[in-house]
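The sequence and structure come first.

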Amino acid sequence: MKIDSRLVLLAVLATGVIALGWTWLTSQDPEEAAPETEAALDTTTTSSASTTAADEEPDAAAVTTAATAPVTTVPTTTTTTVASTTTTTFPTPEVLGEVHPRLVDIDGWLQSEVETLEELRGKVVVVEFWTFGCYNCKNRIPYTQEMYGRYRDQGMEIVGIHSPEFKYEEDVDNIKKALVDLGVTWPVVLDTRRRTFWEWQAGGTAYWPRTYVLDREGRVRFDHIGEGKYRELEQTVAFLLSEGM
């Protein structure tokens with residue numbers, strides 16, 4: 001059978017035209033294009049949300065882990081310490097003088113019912129040389145007063161020998177005012193011309209303040225120049241008080 005070539009060419013052309021027409025119609029159809037675009041947008045949005053959630057999950061997990069992590073408790077070991085029973089023994093104060101020096105050429109006593117040191121035999125006596133204008137002397141007064149309150153009723157007495165350094169400290173009215181202002185409540189000897197001052201501190205050098213302690217027999221058992229040694233002073237007094245009991 002002989003096929004006319006013109007018919008074949010016409011058929012091929014017709015097929016091509018139909019194919020081109022169908023392709024054009026499909027690409028221009030709004031009903032088909034819209035769903036594809038929306039689907040693409042939905043996919044993109046979902047991926048972003050999923051990525052955000054995935055990024056946040058480690059932080060959330062970390063928080064949860066921190067919150068629920070078990071607390072490690074270090075066991076406490078109880079140590080029982082046995083208290084030391086070592087007792088510190090205060091050494092016996094040595095005798096520095098068998099007889100204390102005299103009170104020489106004094107001008108009387110203030111705040112006292114006695115007029116001599118001999119009248120205080122049987123008591124432990126703290127003798128302190130001072131003057132109310134002396135800075136170091138004033139610094140000692142609170143400690144001396146505290147000790148006086150603690151041991152006075154146990155047989156201790158304090159005698160302050162006021163030996164003035166300057167002229168204004170010689171005036172009795174000034175001394176009496178200073179006793180009140182400084183809180184001095186113990187007996188005070190007026191050593192205006194410093195004769196007793198030099199009798200007790202012979203050798204060309206003397207000091208304000210200087211503190212001595214006499215035992216119940218009048219022997220010198222403690223001697224200290226200046227401030228300080230408050231603990232040793234109190235220990236000496238306490239020892240000598242117990243020694244005569």
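Leaving aside neighbours within four places in sequence, which residues is Thr211 in contact with? The model is a predicted one, and in it Thr211 touches Val126, Val127, Glu128, Arg140, Phe222, Asp223, His224 and Leu233, once those neighbours are set aside.

## Surroundings of Thr211

Thr211 lies in strand E5, which covers residues 210–214. The relative accessible area of Thr211 is 0%, under the 20% limit, so the residue counts as buried. Its side chain makes a polar contact of 2.7 Å with the side chain of Glu128.

Glu128 and Arg140 are both among the contacts of Thr211, and they also form a salt bridge with each other, with the closest N and O atoms 3.1 Å apart.

## Chain and fold

The chain contains 6 helices and 6 strands. Along the sequence, these follow the pattern α-α-β-β-α-β-α-β-α-β-β-α. Of the 245 residues, 29% count as buried. The accessible surface of the chain is about 16400 Å², and carbon and sulfur atoms contribute 57% of that area.

Among contacts in the chain with a separation of 6 or more, 76% are between residues 24 or more positions apart.

The 6 strands of the open sheet are arranged in the order E1-E4-E3-E2-E5-E6, with mixed pairing. Its edges are strand E1 (109–110) and strand E6 (220–225), each of which pairs on one side only. Strands of a sheet pair through backbone hydrogen bonds, either parallel or antiparallel.

Strands E3 (residues 156–162) and E4 (residues 188–190) run parallel and are joined by 3 bridges. Ile161 has Val189 in E4 as its bridge partner. Helix H6 (residues 230–243) packs on the sheet, where it touches strand E2 (124–130), E3, E5 and E6. The direction of H6 makes about 170 degrees with that of E6.

## Salt bridges around Arg221

How many salt bridges does a search of the whole structure find? The search finds 15. Among the residues involved, Asp215, Glu217, Arg219, Arg221 and Glu243 are linked in a network.

Is Arg221 buried or exposed? With a relative accessibility of 5%, Arg221 counts as buried. Asp215, at 4% relative accessibility, is buried too.

Arg221 also forms a salt bridge with Glu243, at 3.6 Å from N to O. The pair connects distant parts of the chain, with Glu243 in helix H6 and Arg221 in strand E6, 22 residues apart. Glu243 has a relative accessible area of 41%, which lies between the 20% and 50% limits, so this residue is classed as partly exposed.

Terms used
Residues are numbered from 1 along each chain as its sequence is written. This is a predicted model: local features need pLDDT of at least 70, side-chain atom pairs count only at pLDDT 80 or more; totals for chains, interfaces and linings use all residues. Side-chain values use heavy atoms; hydrogens and water are left out. Helices (H or I, at least four residues) and strands (E, at least two) are DSSP runs, numbered from the N terminus. Buried means under 20% relative accessible area, exposed over 50%, partly exposed in between (1.4 Å probe, protein chains only). A polar contact is a pair of N or O atoms within 3.5 Å; within protein, one must be able to donate a hydrogen and the other to accept it, and residues adjacent in sequence count only if both atoms are side-chain atoms. Contact means heavy atoms within 4.5 Å. Accessible areas come from the Shrake-Rupley method with a 1.4 Å probe; for residues, only the protein chains shown count as cover. Two strands pair if DSSP finds at least two bridges between them. Axes are lines fitted to C-alpha atoms, for helices over the stretch in contact, and angles run from 0 to 180 degrees between N-to-C directions. A salt bridge is a side-chain nitrogen of Lys or Arg within 4 Å of a carboxyl oxygen of Asp or Glu.
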